[in-house]
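Please look at the structure before reading on.

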Amino acid sequence: MSSDVDKSDNDVITRARRLLLLADLIDNYPQVVSRRVAGLVYILIGGGISFATLIFMSLQDLLGPGDPFLTNIGFVILGLVASWIIGFRLIVPLTRSYPVQPSASEGGKAASALWGVLGTAIVLLSLVIFQMGLAELFPPTLQFIMGCGFTITYVFGKRASSYNFYSREHVYFAIAIFLSMIPMLIVPAAAYVVLIVVDMGGIYAIGIHMLITAEGLLVESEGQGYG
Amino acid sequence: MSLDGELLSTLVGLMEEDSETMVPARLSLLVYLYFARHATFPVLQKKLGFTSGNLSSHLRKLEELGLIQISKSFVKLRPTTFAVLTKEGAERLRSQMVRMRELVSMVVDKETKSEE
């Protein structure tokens, strides 16, 4: 009789633990979705920039400087912006289906505002640098701004999420960007090659890593509700 | 294992408060749609093992509560019913599960301590 009661108690405890696990999975799933979407956004940005750069270089070789080149570049930029708008409209709503914790939502808004400011800073600085005839300073300056941007994105991500590794890849990317400034300053001729390899490679790596490790958040959550 | 009065009354309160969704069939539908985002009527029937009448009535009730959206469209020339979890549905399910987790973890904790 006593063993039957113990067995029944153990069954209840096992079921309760399953329920806790399910509750954990449900609680953490929005973060998995947002991580997947963030990964897709990075890949979309990387792909768009790579494609635009390829077209830009091909047009430069074919048309040379002048009006036809500028007109074609205008169409490339227009196409890139249109494809990004369509792409983002398709993937970003995936996150809106799930409840977002206020801290995560604030973190996301702060990161968007930060990249808006940094994007403007990049455009203004590039205008100033090229007008002053200091073109060789553009790649390291761009790297410095990007490095600061990804470091601050990491800080926002860490504050907005209870998971330490939620945005850890951003800080690794920021370190790689800061380190890439050294070869750029030593060998200015290779600056753009280093810029493309580090930045584009990094953006793709972050995107793919975020997609692959999104499910890891669920594994991490296992047992959290066990008290 | 024994549930004390306070815990039991909180659990009963939670179930009464959300009596419309605290039905195993509706809860399983919401949980499935939470992870899948959307599903067709035959998929839900097959995965959750409902009869078509049973599934229809639960889906209609969840739609009335604003927790899911039901739409019909043609797939391969055949009319198909789609069910999509709304944001309110996701929020409701998540808050219910978090509250249930709090209650159940209290019981599990208590049980673990008493075993020690």
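Q: Is Arg101(B) buried or exposed?
A: In this predicted model, local features need pLDDT of at least 70, side-chain atom pairs count only at pLDDT 80 or more, and totals for chains, interfaces and linings use all residues. Residues are numbered from 1 along each chain as its sequence is written, chains are lettered from A in the order in which they are written, and side-chain values use heavy atoms, without hydrogens and water. Buried means under 20% relative accessible area, exposed over 50% and partly exposed in between, with a 1.4 Å probe and protein chains only. Arg101(B) has a relative accessible area of 15%, so the residue is buried.

Q: Which residue forms a salt bridge with Arg101(B) at 2.8 Å?
A: A salt bridge is a side-chain nitrogen of Lys or Arg within 4 Å of a carboxyl oxygen of Asp or Glu. The closest N and O atoms of the pair are 2.8 Å apart, and the partner of Arg101(B) is Asp27(A).

Q: Which residues are linked with Arg101(B) in a network of salt bridges?
A: Arg101(B) also meets Asp24(A) in a salt bridge, 2.4 Å from N to O. The network links Arg101(B) with Asp24(A), Asp27(A) and Arg94(B).

Q: At what angle do helix H2 and helix H4 of chain B pack?
A: Helices are DSSP runs of H or I with at least four residues, numbered from the N terminus. Axes are lines fitted to C-alpha atoms over the stretch in contact, and angles run from 0 to 180 degrees between N-to-C directions. H2 (residues 24-36) and H4 (residues 52-64) of chain B have axes 10 Å apart, and the angle is about 70 degrees.

Technical notes:
Helices (H or I, at least four residues) and strands (E, at least two) are DSSP runs, numbered from the N terminus.
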